[in-house]
Amino acid sequence: MLTGSKTTFKVRQMLPDIKERMLSQSGVTARSRDVFGLRCLPGECVLQRAVMVRKKLTAREGRGWVSGTLFCTHFRVAFVPQDSPRPDDNADPVLLGDHDVALASIEKVVVVGPNRTKLVTPNSSLKFTPEELVLYCKDLQVICFLFDRLTPDAQVIEITYTIAKTYQPLRPGSVLSFQNAALGSVEMKQFLSNRRRNPHMNWFESASDWERELERCGATGWRVSSVNDRFETSTSLPRSIVVPQKLLDTELKKSFAHFNEGRIPRWCWRHPRGSDLLRMASFQNNIYHEKDDIRNLEMILFGCHSSLCVVVELGEELPSPADIQLAHGRLRALSLGDISTSVSVPDDKWLSTLESTRWLDYTRACLRKASEVACLLRGGHLTVALQEADDRDMGCVVSSLVQLMCDPHCRSQHGFQSLVQKEWVTAGHRFYSRGNYHRDNDKEEAPVFLLFLDCVWQLLSQYPSHFQLTGDFLLALHDSIHLPLFSSFLANCQRERCRRSQNLGQSYTPVNGWRDMESSSDPSDPSDPPLPSVWDWSLQYSKHRRESFTQPVPPTPPLQPLLNGNLNTNPDTHRLSDTVPGSVFLLSRGVFSCPANLLPWRGGGCSSGVYKKSHRRAPSSENVPGLERLLKAWALAEFPQGPTSTAGPQGPLDPYEPLLPLLMGPCMGLWKECYLRGALHAQAFSHPVSANHPHPVERLAREVQRLHDQLAHAATGTAPRPPANTADTNLNQNANNGTFLFPAAALKLAPPPASTNHRTSRGPPPSRPGHKDNKHTFLFGAPPGAKARPPDQRRYPAANGAKLPKSNGSPIAS
């Protein structure tokens, strides 16, 4: 028999389950309803709530604090402000409100009490009443709630336990409970099945979609093949692929076995000057190449061109998924700090530590490789094939960046969404494995798509007037990938998405190959809810927020492609085009070469005379211009004042010329709106608010401003402006200091506004001058004018020297 204290603790843990069972049995969850001012989704249950709670607003929300009610359901942590309008029951449901966070996106839960902090887990026991609740999210957001002195202690304890128990499933695969809570009800299924897809974007799920893209790009000589309609030849490629028009499907089937995972060379995009961009996996060297197979393979590589094919090997210069995962983990730890040990990187070593993460190096490498390919395609009259071992990671990054640099259509919102659908979703990027949503395969986890979004942000920051989409759109897409709710990210290829959406299984026989099997599962079964597309933004964001996703841009003249690429105005690439027909070159590290083992079937006894002749003509880069000269010529053409000019890139006069980014160190910016959203929060322990000790981010910004003023004074001879006001800036009200790297076009900083430090509602009085106090109770202070709780309430004995255990690679110890 349990003792009194153990019984209370057990009942406390069972309370959310009891409430959920009672609500589900009573039929309350059968339709959308209003519970204490919170509009619940169909099938969503409120597990716990707390009144008189303050939420800290971010810089986007206006800073400061807002009072309201905090809810915890079995899908999200929701906050409803007091002055929010009453929800409209007739309006379409929204998965997440402006102040909500999905439980699946929470990574750590930390509570702050009198002179202590604690990481809360499902098995934790609290010996004090929390005064602040801090949620660390996987998307680098840090959300803070402050419990008012009028908040009942029981509600504070219960909602803390409920969030800690619900956000971290006990089983790795139980993340599906979050999907079921939001999408599993019959009403929600009917609502999602009636949603119309965006007609302005191309989904690339059918043959007609690819034919539309061929017509848009003016790609003659290519056709859409349905040879992989049942995913028999390649399980990771889409149903429809674009291949040369003169190649029959019967001949095409023989080529799949020569490439890893059957990912043969296939068309992605055509440059207006006539060059074609292809993607393919590495060759299978242990496959015997028949004479007919060789002819088919070379026909695919050269496409509708007969003069030149350049193979760009991506594995040598670009990071591996393991490298990307390690760099992102270091960047995350640097951004959020270590709250458990109260230690953060000193301000004088912050930039060097950022450089050591290698994240900016990998971003720069991807942009550099994409710039080389863009310049090569601009020459016309050739095909460029991007080759990767499995063609499912860096090939997606480079091919997407190339089209962003060269095609204005891809820089609009609908064009960008179509680009992601084509090069990532249907092309077979392992979103499910790289995201590791079930936390069951850490070896495959790697934020490759987040690295691509960072590269897009670099282009956007250097060419803002050439993009219709905005930084808010990129940030929304960045945050959405951490929600296990969208079909775009919960599968590794189109085959997996089709099996889930059609609720079909497949069987394989040697005679018939892969065949669909009818499933006998009930369509109303909540264990298999439908998954919406991430592009249905109205399910996540309000109309006001969605309006900030785009900005007006000048109209782009209609695309006029050159048939077969007959015009070539670049003198440097004439020598490339004049090579012997059938030449194949390798582009590596900005230099062309023709190694003997580039094509396996040409390295042995079956080498053709054409290949030998071209090999003698171009054994090295002496007779073929390197991309370094092309990049230099482009830089001088697009930046008359030099690439180091602080005026920033002005962009090419021709709208279809590539947007080449500046890749020097000072020109590569840090995406502070994304990575530094929680930086000031986590550093509040080691850097307290003090008039004599300003925050290191603020001191760094002042130093950069001072150096910029001195440079301006030396260049123009004008007197530098007076230094910025050195008054302290409150961490709770100013988050604009998180700028560590500045693009060349935006080195001018405004002086930080001065503010007055206020005493926190539940913390000790400020330290006296000269008095050393290393204990910092709170991450955030209360708003001005908040009443303090009497010091004799909620005091519990503190564990002297208690520290939280550490975890590997996590900003907060577990």
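Predicted model: local features only at pLDDT ≥ 70, side-chain atom pairs only at ≥ 80, totals over all residues.
Residues are numbered from 1 along each chain as its sequence is written. Local features need pLDDT of at least 70 and side-chain atom pairs count only at pLDDT 80 or more, while totals for chains, interfaces and linings use all residues, and side-chain values use heavy atoms, with hydrogens and water left out.

**The sheet**

Begin by selecting the eight strands of the open sheet, which follow the order β6-β5-β4-β3-β10-β9-β7-β8 with antiparallel pairing; helices (H or I, at least four residues) and strands (E, at least two) are DSSP runs numbered from the N terminus, and two strands pair if DSSP finds at least two bridges between them. At the edges stand β6 (101-102) and β8 (116-119), each with a single partner strand, so one side of each has no neighbour in the sheet. Next, select β3 (residues 46-56), which is joined to β10 by three bridges and runs antiparallel to β10; within this pairing, V53 has F147 of β10 as its bridge partner.

**The helix across the sheet**

Axes here are lines fitted to C-alpha atoms, for helices over the stretch in contact (heavy atoms within 4.5 Å), and angles run from 0 to 180 degrees between N-to-C directions.

**A helix pair**

Move to α10 (residues 359-378), whose 20 residues reach 29 Å from first C-alpha to last, close to the 28 Å expected at 1.5 Å a residue, the expected span being 1.5 Å times one less than the number of residues. Of its 20 residues, 19 are buried, meaning under 20% relative accessible area with a 1.4 Å probe and protein chains only, where exposed is over 50% and partly exposed lies in between. G380, with a positive phi near 85°, follows α10.

On the α10 side, the contact includes W359 and Y362, and on the α14 side D454 and Q458 are among the residues involved.

**Two loop residues**

Finally, select L140, in the loop between β9 (132-137) and β10 (142-147), where phi is near 75°, a positive value in a residue other than glycine; L140 is buried, with a relative accessible area of 2%. E261, in the loop between α6 (249-252) and β13 (266-270), also is not a glycine and has a positive phi of about 55°, but E261 is partly exposed at 36%.
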